[in-house]
Amino acid sequence: MKLPQTPQPRVFSGMQPSGNLHLGNYLGAMVQWVEMQKSHECIYCVVDMHAITVWQEPKELKDAIRQVVAAYIAAGVDPKTSILFNQSQVPEHAELAWIFNCVARLGWLSRMTQFKEKAGRDRENASVGLYAYPVLMAADILAYRATHVPVGDDQKQHLELCRDIAQKFNGDFAEAIRAAGFASGAFFPLCEPVIMGPATRVMSLRDGTRKMSKSEPSDMSRINLSDDADAIARKIQKAKTDAEPLPSEEAGLAGRPEADNLVGIFAAFAAKSKAAVLDDFAGAQFSTFKKALAELAIARLAPVTGEMKRLLADPAVIDRTLASGAERARAIAGPIVTQVKDIVGFLRPGAPGARPAEGHLRGKTPAR
Ligand code: ATP
Ligand code: MG
């Protein structure tokens, strides 16, 4: 397959099967994923290789992968038009990640705040994979020469690193890239982060200064897409707040991270600005506001939750969807990663510059 000179617009993004998908994943990324299907070729991945950078129980991981797929489809990802697969079924991700490990610099990775947060104080005991995570993420994106990456706000730094890797690769190998027929010398695109979901940073319900996360031990800190109405209502009821009533202006949310977060979630679900939400709830007590928020969240999430349940009842269908998505993904990533290996100078039969096989070495006369 001949690759286009300049990468064509293409969307790539992924989520880890490291636990239940939650409101942050949904409002920060997934809503935008669904939107981008209307205008772009989209590739959406369940990044299981990222998940094992922290311990995952093997007997639970397969179901966690299926849960994420069910959530994607229930939220509106169409596996017929978009490509939907799990990362470990496409070996090009790992192959390209190794090459990028040799392009990225230690100093770049040492600045990554996600590693610092996830490794915590016991850094010596963190996996090498957790440290190298952003390099694999760059490989995920660039194995498809993807140009747009819809993510939540927390992934901004990793996407800057992805651009740095693409730029350094293009620079280091410029001569080989041109020799391979890419006249501009730029093989990889500098991908654009698309941080445009209705709420790009949803915070924990227990601590308004920490982002909502799958890997946070307390289930009360997040609303899972698999939670039923009772669980959603209970978690919102118990969400941390302060003692003041809601302000009438957005400026009144300053220094009140928990209040700011709940108003932000309401605004995202109601498709309104925070200011408009405060117009309606100025002076209200949290008990009143939380009741309205719970009703709204339940109404918006019920169709997703119901559809997820229906899909999960037939795991064989999910597994088939992933297998066929992986095949389509490999059809794109295969030729790109083969081209990268040629650019780097690896030898393989049929590569430009490879010597034809000698008949006597192979024990037969080579075909002419
Ligand atoms: P983990 O704790 O295991 O890292 P996570 O909750 O951070 O899980 P990821 O799978 O790492 O979820 O991220 C999937 C997508 O969801 C990414 O695009 C990420 O930016 C987005 N995202 C994650 N958490 C939030 C959040 N709290 N608010 C908005 N977007 C989020
Ligand atoms: Mg994360």
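Let's start with the second largest pocket: its lining has 12 nonpolar, four polar and two charged residues (Ala, Val, Leu, Ile, Met, Phe, Trp, Tyr, Cys and Pro count as nonpolar, Asp, Glu, Lys and Arg as charged, and the others, Gly among them, as polar). This is a predicted model, where local features need pLDDT of at least 70, side-chain atom pairs count only at pLDDT 80 or more, and totals for chains, interfaces and linings use all residues. Residues are numbered from 1 along each chain as its sequence is written.

A pocket here is an open set of points on a 1 Å grid over the protein atoms alone, where a 1.4 Å probe fits, with protein on both sides within 12 Å along at least five of seven lines; lining residues have an atom within 4 Å of a point. This one holds about 280 Å³, the space filled by probe spheres set on the points. Of its 18 lining residues, A180, Q339, D342, I343 and P352 sit nearest the centre.

## The largest pocket

The largest pocket comes in at about 1200 Å³. It has 48 lining residues, and Q114, D154, Q155, K211 and S213 are the closest to its centre. By class, you'll find 17 nonpolar, 20 polar and 11 charged residues in that lining.

## The whole chain

Zooming out, the protein chain has 15 helices and five strands (DSSP runs: H or I of at least four residues for helices, E of at least two for strands). Buried residues, those under 20% relative accessible area with a 1.4 Å probe, protein chains only, make up 48% of the 368 residues. The C-alpha atoms fill a box of roughly 85 × 45 × 45 Å, taken along the principal axes.

Note on methods:
Chains lettered and ligands numbered in written order. Heavy atoms only, no water. Buried < 20%, exposed > 50% of the residue type's maximum accessible area, 1.4 Å probe, protein only.
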